[in-house]
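Please examine the structure below before reading on.

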Amino acid sequence: MAKKYYIKTFGCQMNVYDSSRIADMLKNEGYIETQKQADADIVLFNTCHIREKAAEKLFSDLGRAKLIADERAENGLDTVIGVAGCVVQAEDEQIIKRAPYVDFAVGPLMYYRIPEILRKVVSDKKHKGIVDTDFPAINKFDFLPENKAQGACSYLAVQEGCNNFCTYCVVPYTRGAECSRTVKEVVEEAKRLIATGTLEINLLGQNVNSYHGEDENGKERNLAYLLHKIAELDGLKRLRYTTSYPADMSDDLIACHKDIDILMPYLHLPVQSGSDKILKAMNRRHTSADYLKIVEKLYAANPKLKMSSDFIVGFPGETDEDFAKTLEVVNKVKYIQAFSFKYSRRPGTPAAVMENQVEEKVKKERLDVLQTLLFDYQTKFNEACVGQTMPVLFEQKGRHKGQLIGRTPYMQNLHIETKGDNMNKIIDVVVTAATTNSLSGKEI
Ligand code: SAH
Ligand code: SF4
Ligand code: F3S
């Protein structure tokens, strides 16, 4: 019987992309996927270190994985337990110290070694936990197998790492310095994704709009150039990119929102705070006026464009006045979706040792106020969609028979009951009802 793998992914879209590439490698090794952890011969956790809770979750999951592995052992079945991702980069050997039954742990830049490590682990039952957290001099993408579409919507990593060093953030330490793939590499991967069924590509990077990959003549090209190149490919219906850093929103990138018709009218552009004092302490390199100017230019480039953002409340030194400025930005931009978090102290980052840390109680109160306002805008936008016709890309089966879940151009989830075979297709749908988190619709 074929061996099975089970992967649980935490964190950002980059981790989702990495997990799909790890799955490609395991398939090449003859493994098949299972959604049931108890059936898996290899269990892998692809981890996130961004906030304290995200990292702690790993150790409770590992404890559970060990119990399941023990039960399997009673039935004569071996289980390999592996950990990948940003927690590994941050914790290194500590992972094996805290969870000695972990067979291997690889950082986000070393996961291309998983097949080799796996073979070693399977052939040598007495092996010790293998840990690899190097920052390699080579490009990990060169060592990955050719990938196939992850479905009708696929992620495509074009850039990895970050040089921005926002003072709260672990990413520059876990993913290392910024590194862009070449234009050719990205275009080839996009062509393969389209040939195997992708209709929508989301270009990914921790700081995707700082992309500066080389073209075939060795000339550095930016994200605007790359978007135009990919938009030209036959068969592609939708294009997106995420996540962008405000200070890197160049005018030619903004112009893409006017000139490229398959670029979806939705952009995630995290502001984090509306207070210039806090933005400076965060080392964000933009003021709230800079940010609002960029949004104004984007809305002028495509009047249909809508925005989403990330926010941190309770950063060290944040006063009620600073927080009120964040609410002002929300009221000006009118985000249709957003992620908001209480500031989490991450060891090794400058903000973790700043004085004037904000009390937990105050953070919670501010988060409640911010989320109420954000949900209000999100609900209003969803409700305003009722009665409109939208092209929806269906990519997931719903809970009931005949139910499909798709994405609107604005990344809203939309459910329909359908008799036809509309999976992996873009269909025009009339929106019939809305809640804060999703829409329902009818085929026309
Ligand atoms: N590269 C992206 C996002 C990286 S992490 C960017 O620059 O915007 C995703 C989000 O997690 C961040 O936008 C931020 O809002 C949040 N985040 C990162 N570090 C955090 C911390 N220490 N505490 C709370 N939220 C944090
Ligand atoms: Fe983190 Fe800032 Fe880089 Fe985003 S831009 S990954 S928040 S350091
Ligand atoms: Fe988390 Fe690493 Fe992404 S810390 S948010 S998985 S880059």
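Is the crossing of helix 8 and helix 9 left-handed or right-handed? The crossing is left-handed, a term used when the near helix is turned anticlockwise from the far one by less than a right angle.

## Basis of the report

The model is predicted: local features need pLDDT of at least 70, side-chain atom pairs count only at pLDDT 80 or more, and totals for chains, interfaces and linings use all residues. Residues are numbered from 1 along each chain as its sequence is written, chains are lettered from A and ligands numbered from 1 in the order in which they are written, and side-chain values use heavy atoms, without hydrogens and water.

Helices (H or I, at least four residues) and strands (E, at least two) are DSSP runs, numbered from the N terminus.

## The helix pair

Helix 8 (residues 223–231) packs with helix 9 (residues 251–259) at about 25°, their axes being 8 Å apart. Helix 8 is therefore roughly parallel to helix 9 (angles under 35 degrees). Axes are lines fitted to C-alpha atoms, for helices over the stretch in contact, and angles run from 0 to 180 degrees between N-to-C directions.

Leu-223, Ala-224, Leu-227 and His-228 of helix 8 meet Asp-252, Leu-253, Cys-256 and Asp-259 of helix 9 in this contact (heavy atoms within 4.5 Å).

Three strands form an open, parallel sheet in the order 7-10-11; strands pair if DSSP finds at least two bridges between them. Strand 7 (153–157) and strand 11 (238–242) each have a single partner strand, so one side of each lacks a neighbour in the sheet.

Strand 10 (residues 200–204) pairs with strand 11 over five bridges, and Leu-204 stands opposite Thr-242 in strand 11. Helix 1 (residues 13–28) lies across strand 7, strand 10 and strand 11, and runs at about 95° to strand 7.

Definitions and conventions:
Angles under 35 degrees count as roughly parallel, over 145 as roughly antiparallel, 65 to 115 as roughly perpendicular and the rest as oblique.
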